[in-house]
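These are my notebook entries on a structure that I had not examined before. I set down what I looked up, topic by topic.

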Amino acid sequence: MQQVTLGKTGITVNKNGFGALPIQRIPVEDAVYLLHKAYEHGITFFDTARSYSDSEEKLGKAFGDNSLRSRIYIATKTPAQNAADFWKDLETSLKLLKTDYVDLLQFHNPAFCPKPGDGSGLYEAMLEAKAQGKVRFIGITNHRIKVAMEAVESGLYDTMQFPFSYLAADQERELVEACRRADMGFIAMKALSGGLITNSAAAYAYLAQFDNVLPIWGVQKEAELDEFLSYIDNPPVLNDKLTEVIDKDRKMLAGNFCRGCGYCQPCPAGIEIQNSARMSLLLRRSPAAPYLTPEWQEKMKRIENCIHCNHCVNHCPYGLDTPKLLKENYEDYKTFIK
Ligand code: SF4
Ligand code: SF4
């Protein structure tokens, strides 16, 4: 069984973490069932966030307040922008998770790297929470390479969580290496690139090459969990067939594509950017029918109402020209609607 140690935290776990964002969308009992099944098969790292609606509560139902709590690691995140909200978030997280500590508390995709003395009070609050025993280790998540690199160089963080998959560019691979040099744990989110990577074996085999990377797989259905659990005993290897899949995807998905992260929201024109701006890929890489319904046709038509306010452009961590991308996807979409 492949394991990974998260840098200087010393946290050593099975090289498969459980991404608890998708369990928001399923009933409590189903979520608890999946979480327990993951644990029973060796997964002990669970990543959630204050912003994932009832995900923390479901984790609390599965692991809080019982003998399992001390056998697993819980990572959560706060989107707080100031110390008062930080404390409010932390107390809520602890209450919902039914625990008196979290193993890892991460600043959730801040636009800047929180540091002592920056005026936000965030890092000082984090240190105080650690001194009180409510937080064991300090992490940061991000989608901006500049902020991520600054966090690594600051020496203030135990872990980095960043999107990482076989579609990653050189700069993301450099970030992984920078984390290794700094003895920081690297947690890989979006290892399936928000649904654009459809071959999980290829995604798994690629990440297996990086011994300091812990992928967290977003799981909503039992079949998805079973797929990853089967890889624990029989890890896919990067053979010619999987390398071919990766090469093909890299060619098709190179450069300016929308990762579906949603950081450009809200859109004043009500456009569901995170799906609309990658519709051409969704139509070709997954069953098209669900995206061709009258409901989706209405959603895509909203692109005509773009007021070019540039909110999306200014908030896209990948520097995409989102209105242009939306327009291209809409033109392509119309060719599917006859
Ligand atoms: S530029 Fe258009 S798509 Fe982007 S946020 Fe503004 S209205 Fe929405
Ligand atoms: S346009 Fe950019 S910010 Fe918006 S969903 Fe796509 S990748 Fe994310």
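I began with a term: I call a residue buried when its relative accessible area is under 20%, and exposed when that area is over 50%. By this cut-off, 52% of the 338 residues of the protein count as buried. I note at the outset that the model is predicted.

**Entry 1: overall form**

I looked up the secondary structure and found 14 helices and 10 strands. The radius of gyration is 20 Å, close to the 20 Å given by the globule rule for 338 residues, so I record the protein as being as compact as a globular protein of that length. The C-alpha trace spans about 60 × 50 × 40 Å along its principal axes. For the accessible surface I noted about 15000 Å², with 52% of it belonging to carbon and sulfur atoms. I then turned to contacts with a separation of 6 or more; residues 24 or more positions apart account for 74% of them.

**Entry 2: nonpolar cores**

Which residues of the largest nonpolar core touch the most other members? I found Phe-18, Phe-46, Phe-86, Met-160, Phe-164 and Phe-186, out of 77 residues in that core. Helix α7, residues 200-208, gives the most to this core, with 7 residues. Another core lies apart from it and has 21 residues, including Cys-258, Ile-273, Leu-282 and Leu-320.

I followed Phe-46 further. Beyond its neighbours within four places in sequence, Phe-46 is in contact with Phe-18, Leu-35, Ala-38, Tyr-39, Leu-59, Phe-63, Ile-72, Tyr-73, Ile-74 and Ala-75.

**Entry 3: Asn-16**

I located Asn-16 in the loop between β2 (12-14) and β3 (17-19).

**Entry 4: backbone exceptions**

Most residues other than glycine have a negative phi, and most peptide bonds are trans. I therefore searched for departures from this pattern.

I found a cis peptide bond joining Gln-265 and Pro-266, with omega about 0 degrees. Pro-266 is placed in the loop between α9 (240-252) and α10 (273-276).

His-308 is not a glycine, yet it has a positive phi of about 55 degrees. I placed His-308 in the loop between α12 (294-301) and α13 (311-315). With a relative accessible area of 56%, His-308 is exposed. Asn-310, also not a glycine, has a positive phi of about 75 degrees. The loop between α12 and α13 holds Asn-310, and at 36% relative accessibility Asn-310 counts as partly exposed.

**Entry 5: the ligand shells**

How many residues surround ligand 1? I noted 14, the closest being Cys-267, Cys-306, Cys-309, Asn-310 and Cys-312. By class, the shell around ligand 1 has 11 nonpolar, 3 polar and no charged residues. Helices α13 and α14 (322-334) each supply at least two residues of this shell.

Around ligand 2 I noted 13 residues, of which Cys-258, Cys-261, Gly-262, Cys-264 and Cys-316 come nearest. The shell around ligand 2 has 8 nonpolar, 4 polar and 1 charged residues.

Note on methods: Residues numbered from 1 in each chain as written. Chains lettered and ligands numbered in written order. Predicted model: local features only at pLDDT ≥ 70, side-chain atom pairs only at ≥ 80, totals over all residues. Heavy atoms only, no water. Core = buried A, V, L, I, M, F, W, Y, C linked by side-chain atoms within 4.5 Å. Buried < 20%, exposed > 50% of the residue type's maximum accessible area, 1.4 Å probe, protein only. Helix = DSSP H or I, 4+ residues; strand = E, 2+ residues; numbered from the N terminus. Contact = heavy atoms within 4.5 Å. Near = heavy atom within 4 Å. Nonpolar A, V, L, I, M, F, W, Y, C, P; charged D, E, K, R; others polar. Rg over C-alpha atoms; globule rule 2.2 N^0.38 Å. Areas by Shrake-Rupley, 256 points an atom, 1.4 Å probe, with all protein chains shown as cover.
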